Amino acid sequence: MVRSDFIMEIRRYIVNPAERRLRAPWRVTLWLFLAGFGLVLLSGMIAVVSSGVRVTPTVAVVRQITLFAVGTVVAVVIGYLLDRRTLPDYGLGFDRQWWRDAAFGLLLGAGLPALVLLAELAVGFVEVSVALATIDSGPLPLTAFGPPVAVLLLGAFFLVQATAEEVLVRGYLLTNAAEGLAGWIGKRRAIIVATALTGGLFGVLHWTNPSASLLSVANITLYGLLLGACYVLTGRLGVASGFHVAWNYTLALLGFPVSGLRMGVTLLSTTATGPELVTGGGFGPEGGLVALPLLAVGGAGLYWWVRHEYGTVELLEDIATPQLRIRTRSNTANQDG
């Protein structure tokens with residue numbers, strides 16, 4: 001009897017008895033393992049399929065885009081099965097408001113890099129010339145294509161790459177972290193801590209990029225917090241995804257490095273001539289002090305949008321309250337993650 005009670009007690013810490021699913025820490029751990037394994041398996045399958053095909057630039061670009069797109073779908077499906085959530089509970093409820101949010105995010109994400117360029121031109125910190133061209137640089141072999149095609153391919157790449165980061169970091173990890181912490185520190189604090197943790201993770205993930213520095217990691221962490229705020233203030237990934245896609249794409253087309261990477265095609269030839277501490281140098285605007293006023297403008301823009309569209313600006317406690325597809329023992333939301 002004592003042994004049975006002990007086993008039941010251990011099981012209670014692993015499985016939520018009301019919902020008959022793993023608790024948040026175990027779900028996330030298993031998700032990381034399975035998603036990582038799935039990514040390795042997917043990469044192997046793509047390598048095998050393409051082994052009999054001559055690796056042309058077109059094949060290389062398509063393979064890269066496919067890996068991001070299919071990998072994201074696999075990770076979401078694994079999380080969907082483990083968590084037993086609805087897709088809107090990951091911020092993926094593609095209603096009319098979602099697309100309105102995404103449109104605003106695209107405008108904000110395109111406008112801020114343009115603002116950097118204008119400000120640096122005004123103070124003489126950058127030299128610019130018009131040059132629609134491909135360059136032999138970046139993770140994609142875009143020099144094999146004409147500039148118009150390369151611009152489209154780069155857009156497709158950023159669409160899947162940036163959206164993947166938002167779905168996995170904000171949609172999955174932030175949501176589960178907030179739920180798991182809610183029973184310990186309350187929902188509002190849990191959402192704040194989860195946003196901070198995933199913002200920090202976002203910064204660390206860029207630590208190994210070319211020309212990275214402590215300042216660039218700190219800046220990207222702050223932008224991770226802004227992207228997290230886009231999610232926890234709206235309950236949708238529309239603003240965050242649109243912002244992230246447009247930010248990366250516009251930086252690249254304006255000739256700036258994107259987190260230390262030259263992406264292979266530009267509309268402008270841009271050379272930073274001002275102090276590296278300000279401009280970010282080889283890392284791009286994300287690595288310099290210029291990123292901080294942009295962050296303030298982005299935060300103000302987000303505040304205005306949420307107040308205009310949602311009526312009030314506040315943390316949505318629903319982020320820490322799961323919407324489950326199946327409830328077996330309770331019709332109430334999970335209280336302890």
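1. A pocket, as used here, is an open set of points on a 1 Å grid over the protein atoms alone, with protein on both sides within 12 Å along at least five of seven lines. Its lining residues have an atom within 4 Å of a point. A cavity is a set of points where a 1.4 Å probe fits but cannot get out. Grid points are joined across faces, edges and corners, and a volume is the space filled by probe spheres set on the points.

2. Ground rules. The model is predicted: local features need pLDDT of at least 70, side-chain atom pairs count only at pLDDT 80 or more, and totals for chains, interfaces and linings use all residues. Residues are numbered from 1 along each chain as its sequence is written, and side-chain values use heavy atoms, with hydrogens and water left out.

3. The largest pocket. Its lining holds 40 residues; Phe68, Gln161, Ala164, Glu165 and Leu205 lie nearest the centre. The volume is about 1000 Å³. Helices H2 (24-51) and H3 (57-83), along with H5, H6, H7 and H8, each give two or more residues to this lining. Helices and strands are DSSP runs numbered from the N terminus (helix: H or I, at least four residues; strand: E, at least two). H5 supplies the largest share, eight residues. By class, the lining has 27 nonpolar, eleven polar and two charged residues. Ala, Val, Leu, Ile, Met, Phe, Trp, Tyr, Cys and Pro count as nonpolar, Asp, Glu, Lys and Arg as charged, and the others, Gly among them, as polar.

4. The cavity. The count is one cavity of 30 Å³ or more. The largest cavity holds about 30 Å³ of space. Ala75, Val76, Gly79, Tyr80, Tyr90, Val167 and Tyr172 line it. H3 and H5 are the elements that give two or more residues to this lining. H3 gives the most, with four. The lining divides into six nonpolar residues, one polar and no charged.

5. Helix H6. Its 18 residues (187-204) should span 26 Å at 1.5 Å a residue, and the end C-alpha atoms are 26 Å apart, which agrees. The expected span is 1.5 Å times one less than the number of residues. Buried residues of H6 are Ala190, Ile191, Ala194, Thr195, Thr198, Gly199, Phe202 and Gly203. Buried means under 20% relative accessible area, exposed over 50%, and partly exposed in between (1.4 Å probe, protein chains only). These buried residues pack against H5 (147-185), H7 (214-232) and H8 (238-253), where contact means heavy atoms within 4.5 Å.

6. Ala218 and Gly203. Ala218 sits in helix H7. Ala218 counts as partly exposed because its relative accessible area is 37%. Its C-alpha atom is separated by 6.5 Å from that of Gly203, 15 residues apart along the chain.

7. Backbone points to check. Most residues other than glycine have a negative phi. Arg84 has a positive phi, near 60 degrees. It lies in the loop between H3 and H4 (96-122), and its relative accessibility is 15%, so Arg84 counts as buried. Ser259 also has a positive phi, about 50 degrees, although it is not a glycine. Ser259 is in the loop between H8 and strand S4 (265-272). With a relative accessible area of 7%, Ser259 is buried.

8. Annotation. An unreviewed UniProt entry lists residues 150-249 as "domain: CAAX prenyl protease 2/Lysostaphin resistance protein A-like". UniProt annotations may be inferred rather than shown by experiment. Over residues 150-249 the chain is 85% helix and 0% strand, with end C-alpha atoms 12 Å apart.
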